[in-house]
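User: Please examine the surface of this model with me. I shall ask about contacts and accessibility in turn.

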Amino acid sequence: AILAKEATTNQGFQSIVPDQNKLDSYFIFSRTNELKRYGEVTGAGSTFVEVSGKQMSKMSIMVPELSEQQKIGNFFKELDNTIALHQRKLDLLKEQKKGYLQKMFPKNGAKVPELRFAGFADDWEERKLSEGTSKI
């Protein structure tokens with residue numbers, strides 16, 4: 001995560017506080033998988049793996065000049081924002097589908113659903129599944 005304001009973490013949490021003149025926050029955030037792998041490989045612990053701040057500071061990472069970092073960081077930030085927007089749309093569509101599923105099939109004991117497409121008014125009828133298939 002990228003924090004927008006100062007915060008406190010516990011001693012087992014490694015926070016990277018980039019020097020704004022040397023490292024772009026979103027650029028380094030985009031390298032999270034590499035940082036995680038490094039921690040898993042170099043960390044120690046039996047219950048859960050921890051990596052010390054001293055060990056983390058030894059990690060080598062390839063970085064371009066700051067202006068290119070910013071360009072890369074902004075690119076991934078835009079992608080992440082687009083993904084988040086589409087995820088919210090997907091969540092809303094899933095909720096909408098759930099609502100339609102409840103309204104477009106008759107409730108127990110009913111012969112018509114609450115919601116119908118125009119032009120359909122006949123009662124639904126109960127049939128055995130085998131009557132509507134060629135093979136089961």
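Analyst: Buried means under 20% relative accessible area, exposed over 50%, and partly exposed in between, with a 1.4 Å probe and protein chains only. This is a predicted model, in which local features need pLDDT of at least 70, side-chain atom pairs count only at pLDDT 80 or more, and totals for chains, interfaces and linings use all residues. Residues are numbered from 1 along each chain as its sequence is written, and side-chain values use heavy atoms, with hydrogens and water left out.

User: Is Lys 98 buried, partly exposed or exposed?

Analyst: Lys 98 forms a salt bridge with Glu 95 (3.2 Å, N to O), that is, a side-chain nitrogen of Lys or Arg within 4 Å of a carboxyl oxygen of Asp or Glu. The two are separated by about one helical turn because they lie 3 residues apart in helix α4; helices are DSSP runs (H or I, at least four residues) numbered from the N terminus. Since its relative accessibility is 46%, Lys 98 counts as partly exposed.

User: How far apart are Glu 40 and Lys 36, in terms of helical turns?

Analyst: Their side chains meet in a salt bridge (3.9 Å, N to O). Lys 36 is exposed, at 52% relative accessible area, whereas Glu 40, at 48%, counts as partly exposed. Because they are 4 residues apart in helix α2 (residues 32–42), the separation is about one helical turn.

User: How many salt bridges does the structure hold?

Analyst: Those of Glu 95 with Lys 98 and Glu 40 with Lys 36 are among them. The structure holds 5.
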